[in-house]
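Please look over the structure below before reading the notes. They cover a ligand site, a hairpin and a helix.

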Amino acid sequence: MYNFMCTAEENAIKLKAREFAKTIPRDLLIEMDKDEIQYPTEFVKQLAANKLIGLRFEKEFGGQEMTWVAEMAALEEIGILSLALGCLASLPSICGEALHTFGTEEQKQKFLAPILAGEKFCAEALTEPRGGSDFYGATTTAVKDGDHYILNGQKRFVVGAEGADIFLVYAKTDPKAEHRHKSISLFIVERDSGVEAKYIYGLMGCRGGGAGRLYFRDVKVPKENIILGEGEGGRIFNQMMYPERMTSACGIIGMAKGCIDIASRYAMKRIAFGKPIRKFEAVSFKLADALCLTDAARSLVYTAAKALDTNQDPALCRRLVSEAKRVSTENCYKAIDNCLQVLGGIGYTNVFPVERMFRDARLASIWTGTSEIMNLIIQHEHFQQYRKKAPDYRDIEGDAAECEAEDEKIYE
Ligand SMILES: Cc1cc2nc3c(=O)[nH]c(=O)nc-3n(C[C@H](O)[C@H](O)[C@H](O)COP(=O)(O)OP(=O)(O)OC[C@H]3O[C@@H](n4cnc5c(N)ncnc54)[C@H](O)[C@@H]3O)c2cc1C
């Protein structure tokens, strides 16, 4: 975020995150990318020690009661490291949203506070082998049995499958519910209650976040660990999607920014046909495009953050957050691709980190809701809103010379 978009407090946390990112050893990034580190617990602990996670939450639980803009400003700075580290910095915000907004006092003390203190690591288990986009199509079940729920099923691609202590798991409590959105509930499941993590994927990028498959085989979860109650999973999901999508939208801006710096320096120094390649419009315009794409992403993320900070109509928030997620992840991926092109062949090697960022960035428009799912939400909220209330600005349909030719306006 640019300084002029932020208050003094927001700029201060942004600077703190910027300085923090400089302290992270490059070996960590490289070893994660080589799959030599599966889950960097120390990194999350350091984030917590520096009070850089859970910024929006109440101080009582270790938060800082800051704005969405502050959180996004900080995350852009941390996102410059890699997609996986940006994600690990985001998970306390994503899981924390469910606990903070809907959890009981006891759940907040027992789970949210240690997560924000960096003592426990959290993960979100939503996607199943049979699909991630169709949230209500989940097949993992939770059956009440006295003081417990018994969970059975599988989740896949869970960041922190390797490494996390606490999983927020969506499971069906009423698979035959008349209304699908009342069929699912959210549970806090501790790893040591019998969760098995089986398989760490060979990922194209975003390595080192411990992404794997989880198995629940008769896992006993105390009934106090349900969040908000049976059938409330859908409501919580809608709320959790704000930080989930906002953090995806924002972290990647940091990566694009870093790649633009590398490509700009390269274009000023690299000589071809007797002059620096930046003198060729074909090269410098690629950077101009990358800057436009990244600034457009930043502007939309900031707008969505402001909508959340000022408690705008939830339908508008959902639309703006989905637009920010789609536009930012697609734009920043394109911006990073442009930077790689500016570097020519050397950009395709690990001499520069742009190829790593490129592999990382490809994921961003897939996870936390694909671009196609973002479009579903955007158009849905648009038409819902449109049907409810016609625009109160000038209706330009009458501004055509032949606008009264009603017999030419054929709709069926
Ligand atoms: C490295 C990695 C980390 C991840 N981390 C997590 C995590 O921590 N926790 C977690 O729960 N999940 C996680 N995910 C899962 C991720 O969110 C899902 O992969 C994603 O939501 C898509 O689900 P899917 O892969 O099952 O694809 P599907 O849902 O099967 O979709 C396949 C394709 O069909 C399209 N499609 C599906 N339905 C529609 C529709 N109605 N209209 C138009 N197009 C549609 C999709 O857009 C997509 O292009 C992670 C994934 C990866 C790869």
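The model is a predicted one.

**The shell around the ligand**
- There are 23 residues around the ligand, and those that come nearest are Leu126, Gly132, Ser133, Phe157 and Thr370.
- Domain 2 (124-231) and domain 3 (235-388) each provide at least three residues of the shell.

**The hairpin of β2 and β3**
- Strand β2 (residues 141-145) and strand β3 (residues 148-158) run antiparallel and are joined by five bridges.
- Two residues lie between β2 and β3 in this hairpin.
- Gly146, in the turn, has a positive phi of about 65°.
- Asp145 stands opposite His148 of β3.
- In a regular strand, side chains alternate between the two faces of the sheet.

**Helix α9**
- Helix α9 covers residues 314-343, which is 30 residues.
- At 1.5 Å a residue, α9 should span 44 Å, and this agrees with the 43 Å between its end C-alpha atoms.
- Is α9 largely enclosed by the rest of the structure, or largely exposed? Helix α9 is largely enclosed, because 23 of its 30 residues are buried.

Definitions and conventions
Residues are numbered from 1 along each chain as its sequence is written. This is a predicted model: local features need pLDDT of at least 70, side-chain atom pairs count only at pLDDT 80 or more; totals for chains, interfaces and linings use all residues. Two strands pair if DSSP finds at least two bridges between them. Helices (H or I, at least four residues) and strands (E, at least two) are DSSP runs, numbered from the N terminus. A residue is near a molecule or strand if its C-beta atom, placed from the backbone, lies within 6 Å of it. Domain bounds come from an automatic or database domain assignment. The expected span of a helix is 1.5 Å times one less than its number of residues. A residue is buried if 20 or more other C-beta atoms lie within 10 Å of its own, exposed if 12 or fewer, and partly exposed in between; C-beta atoms are placed from the backbone.
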